[in-house]
Amino acid sequence: MSTASLPTVLLTDPDSADLYALIRQEHSKLPLRTLAEIPSQGECDVWLGAPESVIELLEHGLRPRWVQLTWAGVTPMLAPHVPRGYQLTRASGVFGASMLEYVLHHMLAHAWKPADYPFAQSRFNWQPASTSRLAGKRVLIAGLGSIGVHIAAGLAALGMCVSGIQRMPRAVAGVQRVASLEDLLPMAAQADYVINVLPDTAQTRDLFDTPFFTALPANAVFINIGRGNAVVDQALVHALEQGQLAGAVLDVFRKEPLPPSHQFWITPNLVLTPHIAGPTDAAAMIDFFLCNLRKYQAGQPLDGQVGFERGY
């Protein structure tokens, strides 16, 4: 990267030591600031961090030219009270590998039933469980952004029949059919697994409701790693209690942490994880950021560009 006219980068998170060290390894001359060195207005054109810390600085009157989030999601940045007037990019392509691993773990657990064996082993009981393979199974991925495309490629490589839902359908490698949200129910009716990675928009809120869960085959598994408000909680609880689907896995929720009083905790055939499907890979994040920084310097379009009016 050229050192000419290097922008000053502000790491907005209180704990940003890992990011600082990784940037220094790759670019020793890049001007860096942390919250320990509170910048003056106009000193730092480029910010890197999570929405919470970015919003706090914006509300204190500081204004960047470009904000690179360390999140894939951007919902907090779209709130009406949050100032705008800068380029905003999300972490695109950073979380695909970890979220594919998460999905595969739970799909394999459902297919191979490894939880059945520790109890049998403790009883010296040779009891093979009924298992199935993933190859040939039908999976519907709702949301074919960078994460959904990465998941689709991995599942297709295992021999799964992958279809997808997208706001504006287009051909995607490894995906046999891509349709719009209007086709969600008929496509879900043919799926063994449905994986939600859709962003939070007006069109996706409460999308997975009673008609959706009623449409699913009884052997289907629903996995939500997108947004918690895409699921109508009581509709999922009822569907699982009535056996309308085989199981569900939720990593995201309307309110986090999930309140102890929520019925999800005791719903049958429901696996809950505390928003851990996409842990931040600091090295991958910095690789992505520095690539975008080179584009920023060159005046080129940035990867992961967010449209405020579009909502993602």
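These are my notebook entries on a predicted model, written for someone meeting the structure for the first time.

**Entry 1: the sheet**

I began with the strands. I found five of them in an open sheet, in the order β2-β1-β3-β4-β5, with parallel pairing. Which strands stand at the edges? I noted β2 (32-33) and β5 (87-89); each has a single partner strand, so one side of each has no neighbour in the sheet.

Next I looked at how β5 is joined to its partner. Strand β4, residues 66-69, pairs with β5 over three bridges in the parallel sense.

I then asked which strands helix α2 touches. Helix α2 (residues 51-59) packs on the sheet and touches β1 (9-11), β3 (46-49) and β4. I wrote down its direction too: about 140° with that of β3.

Helix α9 (residues 282-298) was my next stop. I see it lying across β1, β3, β4 and β5, and it runs at about 160° to β4.

**Entry 2: aromatic pairs**

I looked up the ring pairs, and the count is nine aromatic pairs. One of them is Tyr86 with Phe308, an edge-to-face pair with 5.8 Å centre to centre and 85° between the planes. Why does this pair tie together parts that are 222 residues apart in sequence? Tyr86 lies in the loop between β4 and β5, while Phe308 lies in the segment after α9, so the contact links those two parts.

**Entry 3: a charge over a ring**

I looked at Arg310 next. Its charged end sits over the ring of Tyr312, 4.7 Å from the ring's centre.

**Entry 4: an exposed loop residue**

Last, I visited Ile266. I placed Ile266 in the loop between β11 (247-250) and β12 (270-272). Ile266 counts as exposed because its relative accessibility is 71%, over the 50% cut-off. I also compared Ile266 with Arg254: they are 12 residues apart in sequence and 17 Å apart in space, C-alpha to C-alpha.

Definitions and conventions:
Residues numbered from 1 in each chain as written. Predicted model: local features only at pLDDT ≥ 70, side-chain atom pairs only at ≥ 80, totals over all residues. Heavy atoms only, no water. Helix = DSSP H or I, 4+ residues; strand = E, 2+ residues; numbered from the N terminus. Buried < 20%, exposed > 50% of the residue type's maximum accessible area, 1.4 Å probe, protein only. Pairing = 2+ DSSP bridges. Contact = heavy atoms within 4.5 Å. Axes fitted to C-alpha atoms, helices over the stretch in contact; angles between N-to-C directions. Phe/Tyr/Trp six-rings, centres within 6.5 Å; stacked < 30°, edge-to-face > 60°. Lys NZ or Arg CZ within 6 Å of the ring centre and 35° of its normal.
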